[in-house]
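Here are a few notes for you to read alongside the coordinates.

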Amino acid sequence: MAANDLLDRYLYAVRRYLPAYHQDDLVAELSANLRSQMEDKQEQLGRPLTEDEQVEVVRRHGHPILVAARYQPQHSLIGPEIFPFYWFTIKRVLPWVVGIWILATAVATIFGSPEMQLGRHIDVGHLITGLFGAVFQFLAWITIGFALLEYFKGHLSHEFTHPCWDPRKLPKADPIAEQNGPHHPYADAIASAVFLAWLLAFPRFPVLMFGPYVSWHLLNMDLPAIWRQFYWLIIAFNCIQLAARIALLSRPVRRYYHAIETVIHLLGIGVIAFLLRTHDYIGQATFGGSPMSPQTVATVNTSIHNGLLLVLIIAIAKFLWDTAQWLRFRTTSQVPART
Amino acid sequence: MSEAIQAVFENLRLELRRGCLILAVLAQLREEHYGYTLRKTLADHGIDIEESTLYPLLRRLETQGLLLSEWREHEKRNKRFYRLSPAGAATLEQLLVEWESINSSIHQVLSGNAVNIAKEA
C-alpha cells in the first residue's frame with residue numbers, strides 16, 4: 001500500500017472524530033507532521049520506507065479515536081471540585097430516601113384501601129420497581145442539580161463556590177459517639193429495610209418464606225388469630241427498628257446508640273414474649289390435604305412453644321450480657337478501641 | 001515490584017511529568033517550531049513526548065493565549081509554526097521562578113533527610 005494511501009486512510013479516520021469546525025486545520029497539521037516524520041526516517045535510512053515501517057509510524061501516532069479525543073475539550077458532568085460534595089450528599093440522603101419510601105409504603109399497605117391490605121394485593125415486583133424508581137429519581141435529580149452547579153459555577157459568586165468556614169464551628173469531636181456507634185450503620189439500615197420489605201411481601205408470596213418447592217396450598221393450616229396479631233406487631237417493631245437504624249446514620253445520634261439498642265432489644269423480647277401467651281400455634285392443620293392427628297398438633301404446638309421459650313431466654317441473656325458490658329465500660333470510662 | 005505498585009508509580013510519574021512537559025514546551029518555543037521539529041528537538045534533549053500528547057497540547061496552549069501560530073510554507077509543504085506569545089513569555093518566566101523554588105526546596109528536603117539518616121547511622 002502506498003504511503004499516501006495509508007496516511008489518507010488514517011487522516012480520514014481521525015477526521016471523523018474531530019470537532020467539525022477544526023477538522024481541516026487539524027488534519028492538515030497532522031498530515032504535515034506525519035509526512036515530515038516519514039521523510040525524516042527515510043533520510044536516516046537512506047531508502048524509502050517499507051510498508052511495515054510506514055504502518056509503524058502511523059500506529060505509533062495512536063488510534064484515530066484516541067488521537068481525535070485529545071483535541072476535544074475536556075468534558076465532565078461534575079468536576080473534581082464539586083464531586084466530593086455530590087458524593088457526600090448522595091451518601092447522606094440516599095438512606096433517608098430508601099427509609100422514607102419503605103415507611104411510606106408500609107403505612108400505605110397497613111392503612112390503605114382494603115384491596116391493598118395484608119395478604120391480598122401486595123405485589124413484590126411493584127414494590128421493588130417502586131423502590132428502584134424512587135432511588136433512580138433521587139439520583140437523577142441530585143445529578144442534574146450538581147451538573148447545573150458545575151455548569152454555572154463560573155458565573156456564581158466566589159463565596160458560593162468557595163464557602164467560608166470556620167474550624168471553630170465544626171462539630172465537637174465526640175469519640176464516644178464515634179466508637180459506640182454501629183460498626184456498619186449503612187449496612188444495618190439497608191438490611192433492616194430489606195427485611196421489612198420481605199415481611200411485607202411474603203403474605204402475598206409465601207414462596208419467599210417456604211422456598212420455591214413448597215406450595216402454600218400444600219401446607220394448608222388454619223392459623224390462629226395470634227399469628228395475624230404477631231404479624232402486625234413484628235411489622236411495627238421492624239418499622240421502629242428501621243427508623244432507629246436510619247437515625248443512627250447521623251453521628252450526633254450515635255451518642256445514644258446503647259440507649260436506642262436497649263429499647264430495640266427490649267421491644268424484641270416483648271415481641272417474642274407476646275407469642276408465649278398461647279399454646280395453640282397451628283390450630284386444625286392439614287398437610288398435603290390430610291388432617292393432622294390431635295397428638296401431632298399437640299406435639300407441634302409444644303415444640304413451637306418450647307422453641308420460643310428458648311429464644312426468649314437467649315434474647316434475655318444476650319440483653320443482660322450486653323448491658324453488663326456497657327455498664328462496665330461506663331464505670332471505667334473506657335471506650336474500647338475498634339480494631 | 002508488584003504490578004499494583006508499578007501502576008501507582010506510573011501514575012505518579014505521569015503526574016510529575018505533566019507539568020514539566022508544559023514547561024519544556026513553552027521554553028523550547030522561545031524559538032519557532034512546527035509540531036514535528038518541536039517533538040524531535042525535545043527528544044534530542046531527553047524529553048520524549050508522544051505526538052498524540054504534544055500536538056493537542058500545542059493547540060490548548062494556543063487557545064490559552066500562551067502561543068501564537070501561523071501556517072507557512074516550509075520545504076515545499078505548508079506547516080503550522082508555533083512560538084511563544086508575549087503572555088506566554090511572561091508566564092514562562094513566572095513558571096521558571098516557581099520551578100526553581102520547588103527544585104531548591106526539594107533539594108533542601110532531600111539533603112536534610114540525608115543528614116538525618118547520616119546522624120541516625
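1. A word on confidence to begin with: pLDDT is the predictor's confidence in each residue, from 0 to 100. Keep it in view throughout, as this is a predicted model.

2. Residues 115–120 of chain A keep a pLDDT under 50, and the model has nine contacts beyond four places in sequence for them. For residues 335–339 of chain A, pLDDT also stays under 50, with seven such contacts in the model. Where pLDDT is low, the predicted coordinates should not be read in detail.

3. As for chain A as a whole, the average pLDDT is 78, and 77% of the residues score at least 70. Helix 2 (residues 23–45) of chain A has the highest confidence, at 90, while helix 10 (residues 207–210) of chain A has the lowest, at a mean of 56.

4. Now to where the chains meet. Chain A brings 14 residues to the contact and chain B brings twelve. On the chain B side, helix 2 (35–44), helix 3 (51–63) and strand 3 (77–84) each supply at least two residues. Helix 3 of chain B gives the most, with five residues. By class, this side of chain B has five charged, four nonpolar and three polar residues.

5. Finally, do have a look at Leu67(B), in strand 2 (residues 67–74) of chain B. Leu67(B) counts as buried because 21 other C-beta atoms lie within 10 Å, the cut-off being 20 or more. Beyond its neighbours within four places in sequence, its contacts include Leu29(B), Leu58(B), Tyr82(B) and Gly88(B). The C-alpha atoms of Leu67(B) and Gly88(B) are separated by 6.1 Å, although the two are 21 residues apart along the chain.

Conventions. Residues are numbered from 1 along each chain as its sequence is written. Chains are lettered from A and ligands numbered from 1 in the order in which they are written. This is a predicted model: local features need pLDDT of at least 70, side-chain atom pairs count only at pLDDT 80 or more; totals for chains, interfaces and linings use all residues. Two residues are in contact if their C-beta atoms, placed from the backbone, lie within 7 Å. Helices (H or I, at least four residues) and strands (E, at least two) are DSSP runs, numbered from the N terminus. Ala, Val, Leu, Ile, Met, Phe, Trp, Tyr, Cys and Pro count as nonpolar, Asp, Glu, Lys and Arg as charged, and the others, Gly among them, as polar. A residue is buried if 20 or more other C-beta atoms lie within 10 Å of its own, exposed if 12 or fewer, and partly exposed in between; C-beta atoms are placed from the backbone.
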